Amino acid sequence: MSDIILIIVDIRYSALMFPPSLYRHVTETLHKAIILVLNKVDLAPPPLVVAWRHYFKENYPELHILTFTSYPSYNLRGNQSNKAGLQVRRRRGKMRMAAEGAQKLYEACKTIVQNEVDLTSWYRKISEEMELEYENDDLEVEEVMELKQVDTSFYEHEKYKEGMLTIGCVGQPNVGKSSLMNAIMGKK
């Protein structure tokens with residue numbers, strides 16, 4: 001049902017969490033684009049991140065590979081001995097870093113769809129998020145529940161139906177699927 005498939009893996013266990021059979025099915029049978037998100041890169045040393053990117057590029061050439069983190073502790077600057085200041089800087093940077101991750105995803109999707117889908121509204125939203133500084137107190141938690149009757153009829157995929165890009169998300173538990181969705185939506 002999706003135009004692009006995201007496979008999200010924890011960088012610390014990349015090979016265990018990446019399903020080669022799904023890669024083959026999506027690329028060879030469905031002929032769809034696939035993006036690998038190496039998540040939690042802040043928990044791995046940079047040489048390991050580079051090594052995993054190289055491994056996946058060599059073994060799975062049709063993958064678009066992104067790195068992502070919701071907790072950019074490795075990006076903190078300044079005097080880190082001040083515990084209170086460190087926590088404030090981390091809190092302010094968290095949503096901005098998520099917006100930077102969303103921008104990477106946007107750029108990969110733009111490369112894949114070319115000019116077949118208009119992604120300007122998504123780009124504007126990400127640009128606005130990049131300009132904002134957040135405090136955790138400013139974030140609004142929104143919950144929307146919509147009950148629908150389940151449609152169990154046959155579904156044939158229509159690429160970019162009604163000018164919409166549909167992205168499917170796949171990943172083991174605790175790899176950061178929700179964090180990535182929060183980054184894309186710009187809110188929890």
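This is a predicted model: local features need pLDDT of at least 70, side-chain atom pairs count only at pLDDT 80 or more; totals for chains, interfaces and linings use all residues.
Residues are numbered from 1 along each chain as its sequence is written, and side-chain values use heavy atoms, with hydrogens and water left out.

Let us start with helix H3, residues 46-59. Helices (H or I, at least four residues) and strands (E, at least two) are DSSP runs, numbered from the N terminus. The buried residues of H3 are Val-49, Trp-52 and Phe-56; buried means under 20% relative accessible area, exposed over 50% and partly exposed in between, with a 1.4 Å probe and protein chains only. They cover an arc of only 65° around the axis (taken from the directions from the helix axis to the C-beta atoms), which puts them on the same side of H3. The face turned away from that buried side carries the exposed residues Pro-46, Pro-47, Val-50, His-54 and Glu-58. What do the buried residues of H3 pack against? They pack against helix H1 (14-17), strand E2 (33-39) and strand E3 (63-68), where contact means heavy atoms within 4.5 Å.

Now for the aromatic rings. Rings of Phe, Tyr and Trp (its six-membered ring) pair if their centres lie within 6.5 Å; planes under 30 degrees apart count as stacked, over 60 as edge-to-face and the rest as tilted. By this rule the count comes to 10 aromatic pairs. The rings of Tyr-106 and Trp-122 have centres 5.6 Å apart and planes at 90°, so this pair is edge-to-face. The pair links distant parts of the chain, with Tyr-106 in helix H4 (residues 83-113) and Trp-122 in helix H5 (residues 120-131). Both Tyr-106 and Trp-122 are buried. Elsewhere, ring pairs join Phe-18, Tyr-23, Trp-52, Tyr-55, Phe-56 and Tyr-60 into a cluster.

Finally, look at the largest nonpolar core, which has 44 residues. Such a core is a set of buried Ala, Val, Leu, Ile, Met, Phe, Trp, Tyr and Cys residues joined through side-chain atoms within 4.5 Å. Which residues touch the most other members? They are Phe-18, Ile-35, Leu-36, Phe-56 and Leu-63. H4 gives the most to this core, with 7 residues. Leaving aside neighbours within four places in sequence, Ile-35 is in contact with residues including Ile-4, Leu-6, Leu-66, Leu-105 and Ile-112.

Conventions: The expected span of a helix is 1.5 Å times one less than its number of residues.
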